[in-house]
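Subject: Structure handover and notes

Hello,

Below is the structure I said I would pass on. My notes on it follow.

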Amino acid sequence: MPSFKTLRGDIASFHDALKDSKRVLALCGAGLSASSGLPTFRGAGGLWRTHDAVSLATPGAFEADPGLVWQFYGYRRHMALQAQPNPAHHALAELARRMPGFQCLTQNVDGLSQRAEHPRAQLQLLHGTLFDLICANKRGCRYSRVDDFTDPVTPALAVPTSGADPTTNEAREVAQDLDISDINVPLPGLSPEDLPRCPKCKKNLLRPGVVWFGEQLPVKVLDNIEEYLDEEEKIDLILVIGTSAKVYPAAGYVGRARDHGARVAVINMDENDVPAGGWKEGDWFFQGDAAEIIPALLKPTIGEVAVPARV
Ligand SMILES: [Zn+2]
């Protein structure tokens, strides 16, 4: 028996609707990756060392102390690479391969959809990704390197480990990553020479290709979404996965998809997460873990989800 709850509609009627669908949109947030077990640094207590994580995610913070901001992002890249894509990432990737009219909009920067081999033309990264490296002089130089999963980005950004003896056979004495989000773990200050430099202009540092507070969302991504929403053919379904979708532009996409004929399916842990504009007749609401719900919802179209063994 599934451990998720069906609060609106039922799974059989969703399966019927999916079977007849050609154009499906998914809008994804943190809940998609929840069971992959990543630290999110959101909300109250979202501290990294003594810093409010939000205060590190600005162009001003990078200008003031690029070493500190890179240590924060080096840590987040490292943690994201320790995590594995979950069955929901794999199921959405498989749906993309089988349904050319499927588009996945994600607010996640963790690279897990890319590592589940979600076709890139069907993945719109609204907030960028930890794994693109771009020139800090964004407008002038425009250098970017896509899907760079190198860890660490430079030797100085390696996450330190406990100094366990590598010759021991005791598994529990294997060196462990130190938790550098804890202020009690010492971290050296870094200078610009320790950080990755732009290979094109050679003048500026590289920075993570995420959208920082106060920055515009990526124009190309917004254009791709507009183009999809403006197509004449109706949108059959919009899946709202692990996001409250209350912040624009994401909030607007639910209404736009509805106006274009879409029925709405919400997949969320929080039963109070009502989509922008409220519930309408024919909506579905499945409450629980996306990693369990998404494969169950998509099964008639994609079959059993194969999750590759960890390597
Ligand atoms: Zn540059």
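Helix H10 covers residues 290–302, bends by about 35° at Ala296, and has a proline, Pro300, within four residues after that point. The bend at a residue is the angle between axes fitted to the seven residues ending there and the seven starting there. Helices (H or I, at least four residues) and strands (E, at least two) are DSSP runs, numbered from the N terminus.

This is a predicted model, in which local features need pLDDT of at least 70 and side-chain atom pairs count only at pLDDT 80 or more, while totals for chains, interfaces and linings use all residues. Residues are numbered from 1 along each chain as its sequence is written, and side-chain values use heavy atoms, with hydrogens and water left out.

More on H10

The buried residues of H10 are Ala290, Ala291, Ile293, Ile294, Pro295, Leu297, Leu298 and Ile302. Buried means under 20% relative accessible area, exposed over 50%, and partly exposed in between (1.4 Å probe, protein chains only). Those buried residues pack against helices H1 (11–19), H2 (30–33) and H6 (87–98), and against strands E10 (237–241), E11 (263–268) and E12 (284–287). At the start of H10, a side-chain oxygen of Asp289 comes to within 3.0 Å of the backbone nitrogen of Ala291. After H10 comes Gly303, with a positive phi near 75°.

Salt bridges

Side chains of opposite charge can pair when their charged atoms come close. A salt bridge here is a side-chain nitrogen of Lys or Arg within 4 Å of a carboxyl oxygen of Asp or Glu, and the count by this rule is 14.

- Arg97 bridges to Glu94, with the closest N and O atoms 3.0 Å apart. Both residues lie in helix H6, three residues apart, about one turn of the helix. Arg97 counts as partly exposed, because its relative accessibility is 43%.
- Asp147 bridges to Arg120, with the closest N and O atoms 2.8 Å apart. This pair links distant parts of the chain, 27 residues apart: Asp147 is in the loop between strand E8 (144–145) and strand E9 (206–210), and Arg120 is in the loop between helix H7 (112–115) and strand E6 (123–125). Asp147 is partly exposed at 27% relative accessible area, and Arg120 is partly exposed at 35%.
- Lys234 bridges to Asp236, with the closest N and O atoms 3.4 Å apart. Lys234 is partly exposed at 45% relative accessible area, whereas Asp236 counts as buried at 13%.
- Arg77, Arg145 and Asp148 are joined in a network of salt bridges.

Aromatic pairs

Rings of Phe, Tyr and Trp (its six-membered ring) pair if their centres lie within 6.5 Å; planes under 30 degrees apart count as stacked, over 60 as edge-to-face and the rest as tilted. There are ten aromatic pairs by this rule. In one of them, the rings of Tyr73 and Trp212 have centres 6.0 Å apart and planes at 45°, so the pair is tilted. The two residues are 139 residues apart and link distant parts of the chain, with Tyr73 in helix H5 (residues 66–82) and Trp212 in the loop between E9 and helix H8 (219–230). Both Tyr73 and Trp212 are buried.

Phe131 and Phe149 form another tilted pair, 4.8 Å centre to centre with 35° between the planes. Phe131 in strand E7 (residues 128–135) and Phe149 in the loop between E8 and E9 are 18 residues apart, and this pair too links distant parts of the chain. Phe131 is buried at 0% relative accessibility, while Phe149 is partly exposed at 29%.

Ring pairs also link Trp48, Phe62, Phe72, Tyr73, Tyr75 and Trp212 into a cluster. Arg207 lies over the face of Trp212, at 3.7 Å from the ring centre. A charge sits over a ring if NZ of Lys or CZ of Arg is within 6 Å of the ring centre and within 35 degrees of the ring normal.

Two single residues

Val210 is in strand E9 and is buried, with a relative accessible area of 6%. Leaving out residues up to four places away in sequence, Val210 touches Tyr73, Val109, His127, Gly128, Thr129, Leu130 and Glu215; contact means heavy atoms within 4.5 Å. Thr154 lies in the loop between E8 and E9 and is buried at 10% relative accessible area. Beyond its neighbours within four places in sequence, Thr154 is in contact with Asp194, Leu195 and Pro196.

Regards

Conventions
A polar contact is a pair of N or O atoms within 3.5 Å; within protein, one must be able to donate a hydrogen and the other to accept it, and residues adjacent in sequence count only if both atoms are side-chain atoms.
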